[in-house]
Amino acid sequence: MVTLVRPGLLPMELGIVHRLFGTAVGADGQPLYSVVTCAPEPGELTTDADFTVNVAHGPRALEDADTVLVPAAAEDYEPQERGRLAQPVRQALARIPAGARVASICTGSFVLAAAGMLAGRRATTHWKSCDELRILYPEVDVDPDVLYTDDQGVLTSAGVAAGIDLCLHMIRSDHGAEVANTVARRTVVPPHREGGQAQYIEQPVPEPGTSSTAAARAFALDHLGEPLALEDLAREASMSVRTLSRRFLLETGATPMRWITEQRLQHARRLLEQTDEPVDHIASGAGFGTGTAMRQHFREALGVSPRAYRNTFRGTN
């Protein structure tokens, strides 16, 4: 297994690979992976921190790799251009044997995309960069909601910490759940996280502002815990239901009822993060009526239950 790093590397991502794969052992206690770090041009590499990393191996290490991981680098967070790859990186990637498994962590996916490795495949990256990846590489099936993807030997992960989920998935696929669970326990991380990265995206309630549906939106935000009908919003906006629906979609990008559901979800998320209120009370106060209804909405929008969401952000049971 070879990790290909570039100048401006993120030390945490490099550490994830060595820590997880490096602690995977078989029943006889012998290491299951040999992890090597290489760079297109070996030597002292800058990081996004205040220290450097000395990489002894050059791109030749890739020639015998059965698995190659490409972490992110600082350059990935700059505006991207389609197909942009430094020539040394492109030449290094060309050394990867046919049939080798290739994976990226976070915005390392842009390297795989620029090299044509993600064409026709499902992939992900950090949620802030998903739109850019989709626009630059329309041939890639970008999934912004998941923590990682695995498409026939080409894998990608979302943000930095999702690299942990990706590596554990690879270990689990190679050697089974018991080995992966042992690695997770030793690292003190969950062996499998529920849901995707949608639950980590901050989506603050927008200010009502002065647009034509502002009064209706302000009214809805003040009455989220109550039943709300289109007629109620139309009355507050002094317009017909038809006009309200059309303008609401133009101004918010969502239908009125879809927008209300999103605001109820955000309200419930804040209460789950910041209070110990029972789920049923939160469901009622957010306007979902019952805990069952709120659980359904959480599953559909975030991929997790309200209890799992609270556990993630508050560490409670």
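1. A residue counts as buried when its relative accessible area is under 20%. Threonine 261 has a relative accessibility of 15%, and therefore counts as buried. This residue is found in helix α10, which covers residues 256–274, and, leaving aside its neighbours within four places in sequence, threonine 261 is in contact with Phe288 and His297. Please keep in mind for this point and those that follow that the model is predicted.

2. The next point concerns the sheet. It is an open sheet of 6 strands, ordered β2-β1-β5-β6-β10-β9, in which the pairing is mixed. The edges are taken by β2 (36–38) and β9 (148–151), and because each has a single partner strand, one side of each is left without a neighbour in the sheet. From one strand to the next, the twist averages 20°.

3. Within this sheet, strand β5 (residues 67–70) and strand β6 (residues 101–104) run parallel and are joined by 4 bridges. Valine 70 stands opposite serine 104 in β6. Helix α5 packs on the sheet, where it touches β5, β6, β9 and β10 (154–157), and the direction of α5 makes about 150° with that of β10.

4. Helix α5 also has a helical partner. Two packed helices are described by the angle between their axes and the distance between the axes. For helix α5 (residues 162–175) and helix α6 (residues 177–187), the axes come within 7 Å and cross at roughly 145°. On the α5 side the contact is made by Leu168, Ile171, Arg172 and His175, and on the α6 side by Ala177, Val179, Ala180, Val183 and Ala184. The residues of this contact of α5 with α6 comprise 7 nonpolar, 1 polar and 1 charged.

5. How many disulfides does the structure hold? The structure holds 0. A pair of cysteine sulfur atoms would have to lie within 2.5 Å to count, whereas the sulfur of cysteine 106 is 9.7 Å from the closest cysteine sulfur, that of cysteine 130, and is therefore too far away for a bond. Cysteine 130 is likewise in no disulfide, the nearest cysteine sulfur being that of cysteine 106.

6. The last point turns to the aromatic rings, for which the count comes to 3 pairs. One of them is formed by phenylalanine 21 and tyrosine 33, whose ring centres are 4.9 Å apart and whose planes stand at 75°, so the pair is edge-to-face. This pair links distant parts of the chain, with phenylalanine 21 in helix α1 (residues 11–22) and tyrosine 33 in the loop between α1 and β2, 12 residues apart. Phenylalanine 21 and tyrosine 33 are both buried. Phenylalanine 298 and tyrosine 309 form an edge-to-face pair as well, at 5.9 Å centre to centre and with 75° between the planes. Here phenylalanine 298 lies in helix α12 (residues 291–302) and tyrosine 309 in helix α13 (residues 306–314), so that the pair, with its members 11 residues apart, links distant parts of the chain. Both phenylalanine 298 and tyrosine 309 are buried.

Notes. Residues numbered from 1 in each chain as written. Predicted model: local features only at pLDDT ≥ 70, side-chain atom pairs only at ≥ 80, totals over all residues. Heavy atoms only, no water. Axes fitted to C-alpha atoms, helices over the stretch in contact; angles between N-to-C directions. Helix = DSSP H or I, 4+ residues; strand = E, 2+ residues; numbered from the N terminus. Contact = heavy atoms within 4.5 Å. Nonpolar A, V, L, I, M, F, W, Y, C, P; charged D, E, K, R; others polar. Pairing = 2+ DSSP bridges. Buried < 20%, exposed > 50% of the residue type's maximum accessible area, 1.4 Å probe, protein only. Phe/Tyr/Trp six-rings, centres within 6.5 Å; stacked < 30°, edge-to-face > 60°.
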